[in-house]
Amino acid sequence: MLRFLLLRGGQALIAAFGVVTLVFFIQRLSGDPTTLLLPETATQADIEAMRATLGLDRPLWVQYFDFLSDMARFDLGRSFVQNTSVWEIILSRMPQTLQLAGGALTVALVIGLPLGLIMALTRGRFVSRLIMGLVLAFQSMPTFWSGIMMILFFGVWLRWLPPSGTGSFAHLIMPSIALGLLSLATYARIARAAIVDELGKDYVRSARARGVGTGRLVHKHLMRNSLIPVVSITALEVSQLLAGAVIVETVFAWPGLGLLMVQSIAARDFLVVQAVVLLGAFVTISTNLAADILYSVIDPRVRLADNS
């Protein structure tokens with residue numbers, strides 16, 4: 001187990017280093033932020049003075065090693081635009097994004113897994129084909145389009161839910177559904193495939209021959225044995241939800257990290273953009289590492305195969 005954890009931990013560190021390096025150099029290709037920070041009447045001397053103040057006049061490799069040193073100390077620097085700690089800005093927006101991601105994941109799991117189970121148990125019948133059609137529709141709808149349609153229908157026409165903003169549980173419903181629809185479809189399809197695979201195995205036929213009912217079979221055997229692909233896909237879906245939050249938060253004016261990213265890109269606030277990107281990357285790496293460990297707990301054959 002220790003060797004397995006060290007191997008996976010080493011892979012996660014290499015991935016984190018690669019992401020940090022890519023983010024630093026790609027950010028520098030997007031342009032000089034001093035041209036946006038200063039008024040149009042600023043002289044070349046003013047621009048050079050600002051670049052020196054921000055440390056952008058140093059050689060690129062010096063900036064890179066300073067950046068790595070700051071990352072090792074978890075120092076994200078100060079915002080060029082807001083002149084405040086990037087950590088303060090990130091932490092002030094993080095609760096809203098966590099609320100939204102949690103709501104979307106709940107929608108996806110609570111609705112998607114039962115739909116997958118029903119499709120597997122009724123495969124070949126009309127009910128299964130009907131649900132599969134709905135799942136494909138959810139999967140094919142762009143997030144921004146479903147969000148705008150819900151705002152028009154439930155927010156503007158029926159006036160059941162607030163069309164934008166935050167502050168109450170009602171504000172969370174539409175953004176969570178809009179963000180969770182794509183993941184819902186993914187969970188339903190993965191769960192269906194995993195359960196159909198289990199239904200064809202000998203132990204299921206033996207259980208049925210002994211008279212075990214469908215409910216007990218699902219509760220005691222099928223759900224547990226179908227968990228591995230669901231755990232694996234959850235690690236990927238968390239990163240998908242964070243990426244999708246950029247669009248959903250913009251559509252619903254939800255003041256989370258996604259909206260902060262859009263605003264910071266427009267202002268070329270390098271340090272805030274790179275902090276949000278790095279946060280998303282680290283969350284992805286961490287959830288994949290957690291999924292690998294959970295994988296080995298659910299099915300020890302994964303750990304043994306890796307050690308061999």
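A cavity is a set of grid points where a 1.4 Å probe fits but cannot get out, and a residue lines a cavity if it has an atom within 4 Å of one of the points. In this predicted model, the largest cavity is lined by Leu113, Ala191, Ile195, Met223, Ser226, Leu227 and Val230. The space inside the largest cavity is about 60 Å³. Helices H8 and H11 each contribute at least two residues to the lining of the largest cavity. By class, the lining of the largest cavity consists of six nonpolar residues and one polar residue, with no charged ones.

The count of cavities of 30 Å³ or more comes to two. The second largest cavity has a volume of about 30 Å³, and its lining is made of Phe138, Met141, Pro142, Thr143, Ser146, Ala178, Leu181 and Leu182. At least two of the lining residues of the second largest cavity come from H7, and at least two from H8. H8 gives the largest share of the lining of the second largest cavity, with three residues. Six residues in the lining of the second largest cavity are nonpolar and two are polar, while none is charged.

The largest pocket has a volume of about 420 Å³. There are 23 residues lining the largest pocket, and those closest to its centre are Leu242, Ala243, Val276, Leu279 and Gly280. Four helices each supply at least two residues of the lining of the largest pocket: H5 (86-121), H11 (227-251), H12 (257-266) and H13 (270-298). The lining of the largest pocket divides into 17 nonpolar and six polar residues, and no charged residue takes part.

The axes of H5 and H8 (residues 169-199) come within 5 Å and cross at roughly 35 degrees. The crossing of H5 and H8 is right-handed. In the contact of H5 with H8, 24 residues are nonpolar, seven are polar and one is charged.

H11 contains proline 229. Proline 229 has a relative accessibility of 29%, and therefore counts as partly exposed, since buried means under 20% and exposed over 50%. Between the C-alpha atoms of proline 229 and glycine 18 the separation is 27 Å, and the two residues are 211 apart along the chain.

The aromatic side chains come next. The structure holds nine aromatic pairs. One of them joins phenylalanine 24 and phenylalanine 25, whose ring centres are 5.1 Å apart and whose planes stand at 90 degrees, so the pair is edge-to-face; planes over 60 degrees apart count as such. Phe24 and Phe25 belong to one aromatic cluster together with Trp61, Tyr64, Phe65 and Phe67.

Another aromatic pair is formed by phenylalanine 154 and tryptophan 160. The distance from centre to centre in the pair of phenylalanine 154 and tryptophan 160 is 6.1 Å, and the angle between the planes is 35 degrees, a tilted arrangement. Phenylalanine 154 has a relative accessible area of 26% and is therefore partly exposed. Tryptophan 160 has a relative accessibility of 63%, so tryptophan 160 counts as exposed.

Arginine 159 lies in the loop between H7 (143-157) and H8. The phi angle of arginine 159 is near 60 degrees, a positive value in a residue other than glycine. Arginine 159 counts as exposed because its relative accessibility is 69%. A positive phi is also found at phenylalanine 74, where the value is near 55 degrees, again in a residue other than glycine. Phenylalanine 74 is placed in the loop between H4 (60-72) and H5. With a relative accessibility of 62%, phenylalanine 74 counts as exposed.

Conventions. Residues are numbered from 1 along each chain as its sequence is written. This is a predicted model: local features need pLDDT of at least 70, side-chain atom pairs count only at pLDDT 80 or more; totals for chains, interfaces and linings use all residues. Side-chain values use heavy atoms; hydrogens and water are left out. On a 1 Å grid over the protein atoms alone, a cavity is a set of points where a 1.4 Å probe fits but cannot get out, and a pocket is an open set with protein on both sides within 12 Å along at least five of seven lines; lining residues have an atom within 4 Å of a point. Grid points are joined across faces, edges and corners, and a volume is the space filled by probe spheres set on the points. Ala, Val, Leu, Ile, Met, Phe, Trp, Tyr, Cys and Pro count as nonpolar, Asp, Glu, Lys and Arg as charged, and the others, Gly among them, as polar. Axes are lines fitted to C-alpha atoms, for helices over the stretch in contact, and angles run from 0 to 180 degrees between N-to-C directions. A crossing is left-handed if the near helix is turned anticlockwise from the far one by less than a right angle, and right-handed if clockwise. Rings of Phe, Tyr and Trp (its six-membered ring) pair if their centres lie within 6.5 Å; planes under 30 degrees apart count as stacked, over 60 as edge-to-face and the rest as tilted. Buried means under 20% relative accessible area, exposed over 50%, partly exposed in between (1.4 Å probe, protein chains only).
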